[in-house]
Amino acid sequence: MRPTATKHVPMRRCVVCRASLPQAELFRLVREGDAVELDLTRKLGGRGTWVCRNCAAAVTEKRLRQAFKGQAPQVAQLLSQALAATPQAGHGGATPTATAAATHTNGGLNV
């Protein structure tokens with residue numbers, strides 16, 4: 001009897017807190033020339049930068065400057081718009097911290 005295969009969950013690292021989380025729980029930012037754009041569909045070209053929901057909600061400009069250099073004010077505005085536009089992440093009404101804790105304890109698989 002073959003064991004059932006688990007679905008691959010792509011993991012990404014938040015540039016602010018450096019936590020590895022499932023891709024679905026992060027916001028993707030892409031640099032287009034001199035501007036930074038929020039990529040909610042995750043389909044824009046180029047290398048993306050990932051920020052978790054907790055960091056987007058409680059981020060300070062100093063932490064954004066460390067990650068995004070001179071574009072910190074623009075990134076802060078994009079993240080606040082993203083938080084307002086997207087529903088709360090989680091599975092089955094779980095809080096983001098509970099989901100993150102489950103992610104860290106079972107290797108990224110929400111079972």
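Biologist: What should I know about the model before we start?
Modeller: The model is predicted: local features need pLDDT of at least 70, side-chain atom pairs count only at pLDDT 80 or more, and totals for chains, interfaces and linings use all residues. Residues are numbered from 1 along each chain as its sequence is written, and side-chain values use heavy atoms, leaving out hydrogens and water.

Biologist: Which residues of H3 are buried?
Modeller: Ala72, Val75, Leu78, Leu79 and Ala82 are buried in H3. Buried means under 20% relative accessible area, exposed over 50%, partly exposed in between (1.4 Å probe, protein chains only). Helices are DSSP runs (H or I, at least four residues), as are strands (E, at least two), numbered from the N terminus.

Biologist: And what is exposed on the other side of H3?
Modeller: Ala84 and Ala85 are exposed there.

Biologist: What covers the buried residues of H3?
Modeller: The cover includes strand S3 (26–32), strand S4 (35–38), strand S5 (48–52), H1 and helix H2 (61–68).

Biologist: Switching to H1. Is Cys55 buried or exposed?
Modeller: Cys55 is buried, with a relative accessible area of 9%. Its place is in helix H1.

Biologist: What is Cys55 in contact with, leaving aside neighbours within four places in sequence?
Modeller: Cys14, Val16 and Cys17. Contact means heavy atoms within 4.5 Å.

Biologist: How far is the Cys55 C-alpha from that of Leu79?
Modeller: They are separated by 9.3 Å, with the residues 24 apart along the chain.
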